[in-house]
Amino acid sequence: MNVSTILIILLIGAFATYFSGDKLASKVALLFSLAALGCSIVLLNNYNAGENISVINSWINQPKISFALNGDGLGLAMVLLTAALTPIIIFSSFGNEYKNAKGFYALILFMAFAMVGTFLAADGLLYYIFWELALIPIYFIALIWGNGDAEERRKAVVKFFIYTLAGSLFMLTAFIYLYQKAGSFLIEDLYKVNLSACEQFWIFLAFFLAYAIKIPIIPFHTWQANVYQKAPTVGTMLLSGIMLKMGLYSVLRWQLPIAPLAAKEYMTIFIALGIAGVIYGSIVALRQKDLKKLLAYSSLAHVGLIAAGSYTLTLDGLRGSVMQMIAHGFVVVGLFFAAEVIFRRYETREIGEMGGIRTQSPKFTSMFLILVLASVALPSTFNFVGEFTVLYSLSQINIWFAILGGTTIILGAYYMLRMFQHVMLGETNSKTFADVTLNEGVSFAVIIAVLLFFGFYPKPITDLITPSLETILQVINKN
Amino acid sequence: MNTLIAITGLGIFCLLFEILNLRKAIIPITILGLIGVLALNYCEFGTEQSYYNNMIAVSKFSTAFSSLFIVLTIFLVALSHNFYQNHPTKISDFVAIKVFLLAGAVAMVSFGNLAMFFLGIEILSIALYVLAASDRLNIKSNEAGMKYFLMGSFASGIILFGICLIYGAMGSFDISEIHESALSAELPIWFPIGMILMVVGMLFKVAAVPFHFWAPDVYEGSPALTTALMSTLAKVVAIATLFKLIASMNFISSLENQDLLHTFEVIVVIISIASMSVGNIMALRQVNVKRMLAFSGISHAGFMLMTLLTVSASAGVLLYYTAAYALAGIAAFSVILYVCRDQDNEDITNFHGLGKTNPLLAAVLTASLLSMAGIPIFSGFFAKLFLFNQTIQAGYIGLVIVAVINSIISVGYYFKLIIAMYSKEPNQERTGRPFLIYATAVVSIVLNIALGLFPSLVLDLLK
């Protein structure tokens, strides 16, 4: 058994969901996403037992492109994140009715397929193909099933698509250029290429454009808040929980090792951009009246810190950012789900129109509170582990980076708690708020359990990712 | 050679069917006949032979492209059934003209003599003029036919003038003789001038900027099926012939001997950039889908012209690109034919809500547009990838960056159509599921995706 099994399960799942009809679609999709999760856990076991789970087959002879999937610790960690979040996301949508549900759920599975492929690909072109493929389903999910005014939604989604495509096409040009130098798209060969500082700079920049738009890093973030708000919550979860991790993961896997000289030379600029995102996102989040937009900007702040951690080029920075990617993936999915739960009852996303939920639904309040606290990195949550490792690595580069980056926690605590206060506490709303249903409760419970478990015991994840991160650092520091 | 004879015979048969009153059988029999021709052509693949004093020279290049043309003609003939339903008495004429057009196309890529080349181009063009004006009660169709005829005959004249100059310089019409003497040190200046005139004439047929002005009007005015033919088959034929003209007469080495190569390359780069940029920017503003695809075709011509910079190595890339482009075009046009069959125009509003009323065809159109925009896993992406790879290898990284920017612009108008299909409310009832249109749409898009999954199948043909 090798890593391609997960891809096959998800792809077959997408087709099976489409052909199972509108009524069954959600259940079939859940079944296949759980199968993929099971498969990835088995693969993890095999990997820990030292088995070889990678695949390499030649695909196109000229230019030489291989179907190469590489299962190492870092890739597997991201695959597990995707495989764990997909069933949660699908399950969380069970309270909603979608028109043409078969198309909707098939697209979710197809997107999971493309994202898993991105995390596993060990051939530049194969990676690029998966990277682009992930864009198509989210485009349709946001366009067809999104909310709000149709015309505005159209604009937001098209802007998103053209932005991301523009960035990735420059990455493609960089890959083709690298291919001329290396004679192969395989990642090992690309790591070995010797490039001059000037070439590295342009290649680094081409990659940066693709990733900065996807992550997003300031000043390429303008698509984000609108798309998060307009997309259906499932789409927002997929985008913020998994898809932007594709950008962060690619920084570690492709950008830094291929252009290490440029990464070292311009390190401070890129860290500064990441931290600018932290501060900017936090300040803008303070002023948001729409719950989903507030969460979007808070997400912008958190990923800015993750990006800054990756660009430090230290083991702690890389490790912290990977852990924070996983933690952020879970917590942001939980928070958007909470927004959806409120929307199901109040039919609004305006913070001003909510309030007084606590008296009516204590269970929901306590779960929401845990998520809010996890999001502001309260000790004993997984986010704390990730965020503090990143801040520690930043302090090693320059203490000011750590101090400025640390504002994410202070400002984050401020706007998140203020949001919590307005939404959950305060005067009792005239509308009734039913407490969480069993389905909703299960989704919350799983997310919270993961966050707390790894908060107390992050060792399995650090053990999994450290060897591959060390290899990447070796490549970066080879010359 | 057998292919050419068989195609001509098939065309004559089509005309006979009318006399024998076998109108109903005409489409299935023509399709079967074309499949037979395809098999015949396949058998010829790999043989290098010339016929009739080197008038026709069969090579890998000619057979591979002929196969593509035959496949495209099969699709176009299949679409004819529903398109000409209201003109039952003329169907044999229209089908026969398409088959004869195919004969011209095959002659154009397998010529061994410039006289044969000119015959081929005239057979193809005259068939196209007739088809453009074939909706004879429609003033727009008449205008299109007239316009195309005037402009096209002008271009033919230029080509003929070029051929004469080459004859004056070389003393022969024969490709292989020209090929040899093109390398001699002392060449009259008429040779490059004649070649340039021929290239200009062919650029006109390709509709590359600045010779593109006829294309949007003619595309819009012609009956939709003719537009489909012009934007897929005719364009592919023209670009393949242009490629063969330059490759087969040692033009590049001859220019190099005379220190003119750099000028030629600059011209190709400029025309290529101009075609893709003008085509794309104009396409952004169109509301008529046929017109939009006309401009998109101009921009694709710009991409295909990039292969002229690496003539010695890029025959396979050109074959792949043309196949990917034409298959996507056929799929797109079969949906357009279906949607606009009872409409008097092809405005984008006709496509509103197609995703709800007709999910299969909407998916096909989406896939073909994504392929043209160059999104993986469709073959359009690999076409662009191989093309960019080839061009960067030759050192034109600036040109590739312009091409990349153009790919991004093109997403703007392709997505306009996708958005119209999926996020607008349907405004008309669509009944009936014509089998042949559905089959053509699905088969061509499946072929397109298959090319994307296994690019080596086509790419390595011309090695």
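## Helices α18 and α19 of chain A

In this predicted model, helix α18 (residues 382-397) of chain A packs against helix α19 (residues 399-424) of chain A at an angle of about 155 degrees, and their axes are 6 Å apart. Axes here are lines fitted to C-alpha atoms, for helices over the stretch in contact, with angles from 0 to 180 degrees between N-to-C directions. The pair α18(A) and α19(A) is therefore roughly antiparallel (angles under 35 degrees count as roughly parallel, over 145 as roughly antiparallel, 65 to 115 as roughly perpendicular and the rest as oblique). Helices and strands are DSSP runs numbered from the N terminus: H or I of at least four residues for helices, E of at least two for strands.

On the α18(A) side, the meeting residues are A:Glu387, A:Leu391, A:Leu394, A:Ser395 and A:Ile397, and α19(A) brings A:Ile399, A:Phe401, A:Ala402, A:Gly405, A:Gly406 and A:Ile409. Two residues are in contact if their C-beta atoms, placed from the backbone, lie within 7 Å. By class, this contact holds seven nonpolar, three polar and one charged residues. Ala, Val, Leu, Ile, Met, Phe, Trp, Tyr, Cys and Pro count as nonpolar, Asp, Glu, Lys and Arg as charged, and the others, Gly among them, as polar.

## How to read the numbering and the model

Residues are numbered from 1 along each chain as its sequence is written, while chains are lettered from A and ligands numbered from 1 in the order in which they are written. As this is a predicted model, local features need pLDDT of at least 70 and side-chain atom pairs count only at pLDDT 80 or more, whereas totals for chains, interfaces and linings use all residues.

A second pair is helix α5 (residues 124-133) of chain A with helix α7 (residues 150-182) of chain A, packed at about 170 degrees with axes 10 Å apart. These two, α5(A) and α7(A), are therefore roughly antiparallel as well. From α5(A) come A:Gly124, A:Leu125, A:Tyr128, A:Trp131 and A:Glu132, and from α7(A) come A:Ser168, A:Met171, A:Leu172, A:Phe175 and A:Leu178. The classes in this contact are seven nonpolar, two polar and one charged.

Helix α6 (residues 135-145) of chain A has ten of its eleven residues buried, so it is largely enclosed by the rest of the structure. A residue is buried if 20 or more other C-beta atoms lie within 10 Å of its own, exposed if 12 or fewer, and partly exposed in between, with C-beta atoms placed from the backbone. Among the buried residues of α6(A) are A:Ile136, A:Tyr139, A:Phe140 and A:Trp145. The cover over them includes α4 (101-120), α5, α7, α10 (224-230) and α11 (233-258) of chain A, together with α18 of chain B.

## Loops worth a look in chain A

The loop between α9 (197-214) and α10 of chain A holds A:Pro216 and also A:Pro219. The peptide bond from A:Ile215 to A:Pro216 is cis, with omega near -20 degrees, and the one joining A:Ile218 and A:Pro219 is cis too, with omega about 0 degrees.

A:Glu347 sits in the loop between α15 (315-346) and α16 (357-360) of chain A and is exposed, with 9 other C-beta atoms within 10 Å. A:Ala377 sits in the loop between α17 (362-375) and α18 of chain A and is buried, with 25 other C-beta atoms within 10 Å.

Chain B has 20 helices and two strands. Its radius of gyration is 21 Å, close to the 23 Å that the globule rule gives for 463 residues, so chain B is as compact as a globular protein of that length. The radius is taken over C-alpha atoms, and the rule is 2.2 Å times the number of residues to the power 0.38.

Where the chains touch, 23 residues of chain B are in contact with 25 residues of chain A. On the chain B side, α17 (379-393), α18 (397-423) and α20 (456-459) each give two or more residues, and α18(B) gives the most, with eleven. That side of chain B has 16 nonpolar, six polar and one charged residues.
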